[in-house]
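The following paragraphs lead through one chain, starting from a single residue and widening to the whole. Keep the sequence and the model in view while reading.

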Amino acid sequence: GDFYWRDLIGLAVVNEQGYNLGEVIDLMETGSNDVLVVKANRTDAFGKKERLLPFLTDSVIKKVDLAQRCISVDWDPAF
């Protein structure tokens with residue numbers, strides 16, 4: 001359940017519906033939880049180039065697969 005930040009940089013981020021949100025380019029530490037900075041390869045259908053996703057394993061982060069280099073999330077691409 002614990003990960004080094006360096007292991008998460010570069011992982012693809014895909015929601016549960018299979019929508020590719022981009023890849024982790026950075027992480028930020030906040031007072032309550034860490035935040036993934038996810039950058040799309042291009043402006044996506046929602047006009048997003050970058051998203052900030054809270055690293056909350058009980059609600060947002062569903063699975064981190066280091067072997068497949070992918071993070072599965074419960075996240076609406078419109079946010």
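**A buried valine and its surroundings**

Valine 38 counts as buried, because its relative accessibility is 0%. The model described here is a predicted one. Valine 38 belongs to strand β3, which covers residues 34–39. Beyond its neighbours within four places in sequence, valine 38 is in contact with Val13, Leu21, Gly22, Glu23, Val24, Lys49, Glu50, Arg51 and Leu53.

Leucine 8 has its own set of contacts. Leaving out neighbours within four places in sequence, leucine 8 is in contact with Phe3, Val24, Leu27, Leu36, Phe55, Val64 and Ile71. Leucine 8 is also one of the residues that touch the most other members of the largest nonpolar core, which has 16 residues; the others are Val13, Leu36, Leu53, Ile61, Ile71 and Val73. At least two residues of this core come from each of β2 (20–29), β3, β5 (61–65) and β6 (70–73). The largest share is that of β2, with three residues.

**The chain as a whole**

How many helices and strands does the chain have? There are one helix and six strands. In sequence order they follow the pattern α-β-β-β-β-β-β. The chain is as compact as a globular protein of 79 residues, because its radius of gyration is 12 Å, close to the 12 Å that the globule rule gives for that length. The C-alpha trace spans about 30 × 30 × 20 Å along its principal axes. Of the 79 residues, 34% count as buried. Among contacts between residues at least 6 apart in sequence, 37% join residues at least 24 apart.

**The sheet**

Strands of a sheet pair through backbone hydrogen bonds, and the pairing can be parallel or antiparallel. In this model, six strands form an open sheet with mixed pairing, in the order β4-β3-β2-β1-β6-β5. The edge strands are β4 and β5, each of which pairs on one side only. From one strand to the next, the twist averages 35°.

At the β4 end of that order, β3 and β4 pair in the antiparallel sense over five bridges. Valine 35 stands opposite proline 54 in β4. The loop between β3 and β4 holds arginine 42. Arginine 42 counts as exposed, because its relative accessibility is 58%. Arginine 42 and phenylalanine 3 are 39 residues apart in sequence, and their C-alpha atoms are 27 Å apart in space.

Strand β1 can be followed through both of its pairings. β1 and β2 run antiparallel and are joined by three bridges. Valine 13 stands opposite glycine 22 in β2. β1 and β2 form a hairpin with four residues between them, and glycine 18 in the turn has a positive phi of about 90°. The pairing of β1 with β6 is parallel, over four bridges. Here the bridge partner of alanine 12 is cysteine 70 in β6. The two faces of β1 can also be told apart: Val13 and Asn15 form the covered face, and Ala12 and Val14 the uncovered one.

Which residues does the side chain of asparagine 15 reach with its polar atoms? Tyrosine 19 is one of them: its backbone nitrogen lies 2.8 Å from a polar atom of the asparagine 15 side chain. That side chain also reaches the backbone oxygen of tryptophan 75 at 3.1 Å. Asparagine 15 lies in β1, residues 12–15, and it counts as buried because its relative accessible area is 3%. Apart from neighbours within four places in sequence, asparagine 15 is in contact with Val73, Trp75 and Pro77.

Arginine 51 lies in β4, residues 50–54. Is arginine 51 buried or exposed? With a relative accessible area of 3%, arginine 51 is buried. A polar atom of the arginine 51 side chain lies 2.6 Å from the backbone oxygen of proline 77. Not counting residues up to four places away in sequence, arginine 51 touches Tyr19, Leu21, Leu36, Val37, Val38, Asp44, Phe46, Trp75, Pro77 and Phe79. This list includes Val38, the residue with which the description began.

Conventions:
Residues are numbered from 1 along each chain as its sequence is written. This is a predicted model: local features need pLDDT of at least 70, side-chain atom pairs count only at pLDDT 80 or more; totals for chains, interfaces and linings use all residues. Side-chain values use heavy atoms; hydrogens and water are left out. Buried means under 20% relative accessible area, exposed over 50%, partly exposed in between (1.4 Å probe, protein chains only). Contact means heavy atoms within 4.5 Å. A nonpolar core is a set of buried Ala, Val, Leu, Ile, Met, Phe, Trp, Tyr and Cys residues joined through side-chain atoms within 4.5 Å. A polar contact is a pair of N or O atoms within 3.5 Å; within protein, one must be able to donate a hydrogen and the other to accept it, and residues adjacent in sequence count only if both atoms are side-chain atoms. Two strands pair if DSSP finds at least two bridges between them. Axes are lines fitted to C-alpha atoms, for helices over the stretch in contact, and angles run from 0 to 180 degrees between N-to-C directions. The radius of gyration is taken over C-alpha atoms; the globule rule is 2.2 Å times the number of residues to the power 0.38.
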